[in-house]
Amino acid sequence: MSRRSTNGLQEIRLYDNAVERDRLENLGELYGVINSIECLEKAFAGDYITKDEYQKECLKLLAQYKLMIRDTNIEGFIRKYRINCPLAMARIKEGKPVTINDGGSAALRIAQVTELFITFLDLLRLNTRDVDALYPTLSDLYDTINAMTTLPSGSDPKVKVEKWYTELSKMNASDTISEEMAREMTFQLDNAYNDLKKILKS
């Protein structure tokens, strides 16, 4: 439908009512999200953004896409508006950032990290002070938490685990940690474990 505007030019209306207007606005936002994912994929492929920046933004955009696509046939939408975003469509089809490539093992890793945190904290609270008794569990915790690609490398849990892993790595197997060191280690790793639970719930 069209009409003459006050300046004599023909004004074209794309909708006749509020329902049609909302539908077109939603389609416009959907296109914006798809285009943003395409640009994000190109930026990451070109090494213009970091892994953590890419992953955080990609997860946000994919979540927005899922909210907007509910009543839209995406294939028909792509064909109708001739959208050329192959990288975005591949990412949408996979449903996760390219940096998350742990298949179905994400839940398993979370369970393993949780178990290792609890086991190591129990060792400390049971007054285990020998390095050769503490190191194997802490080493496993360090390796497993760093394999969690869903957890940013600079996150507090990873940083604190790495700190104490590095400290014990400097010591001999026959050494024992002091009570002061044990107390500080327990405090920091307990906080790291609680922070991990908050991150996973968010």
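Is K42 buried, partly exposed or exposed, going by its relative accessibility? At 49% relative accessibility, K42 counts as partly exposed, because buried means under 20% relative accessible area, exposed over 50%, and partly exposed in between (1.4 Å probe, protein chains only).

Before the exercises, a word on the model. It is predicted, so local features need pLDDT of at least 70 and side-chain atom pairs count only at pLDDT 80 or more, while totals for chains, interfaces and linings use all residues. Residues are numbered from 1 along each chain as its sequence is written, and side-chain values use heavy atoms, with hydrogens and water left out.

**Exercise 1. Describe the salt bridge of K42 and its setting.**

Step 1. The partner of K42 is E38, with an N to O distance of 3.9 Å. A salt bridge here is a side-chain nitrogen of Lys or Arg within 4 Å of a carboxyl oxygen of Asp or Glu.

Step 2. Both residues belong to helix α1, four residues apart, or about one turn of the helix. Helices (H or I, at least four residues) and strands (E, at least two) are DSSP runs, numbered from the N terminus.

Step 3. E38 is buried, at a relative accessible area of 5%, whereas K42 is partly exposed.

**Exercise 2. Work through other salt bridges among the eight in the structure.**

Step 1. D156 and K160 meet at 3.0 Å, N to O. Their spacing is about one helical turn, because they sit four residues apart in helix α7. D156 is partly exposed at 29%, and K160 is buried at 17%.

Step 2. K170 and E167 form a salt bridge at 4.0 Å, N to O. Here K170 is exposed, at 63%, and E167 is partly exposed, at 30%.

Step 3. Look for shared partners: E41, R91 and E94 are joined into one network in this way.

**Exercise 3. Find the residues that touch the most other members of the largest nonpolar core.**

Step 1. A nonpolar core is a set of buried Ala, Val, Leu, Ile, Met, Phe, Trp, Tyr and Cys residues joined through side-chain atoms within 4.5 Å.

Step 2. The largest core has 27 residues, and those touching the most other members are F117, F120, L138, L168, I177, M185 and L189. Helices α5 (106-125), α6, α7 and α8 (179-201) each give two or more residues to this core.

Step 3. Take M185: not counting residues up to four places away in sequence, M185 touches F120, L124, W164, L168 and I177, with contact meaning heavy atoms within 4.5 Å.

Step 4. Note a second, separate core of 19 residues, including I37, L62, I74 and A88.
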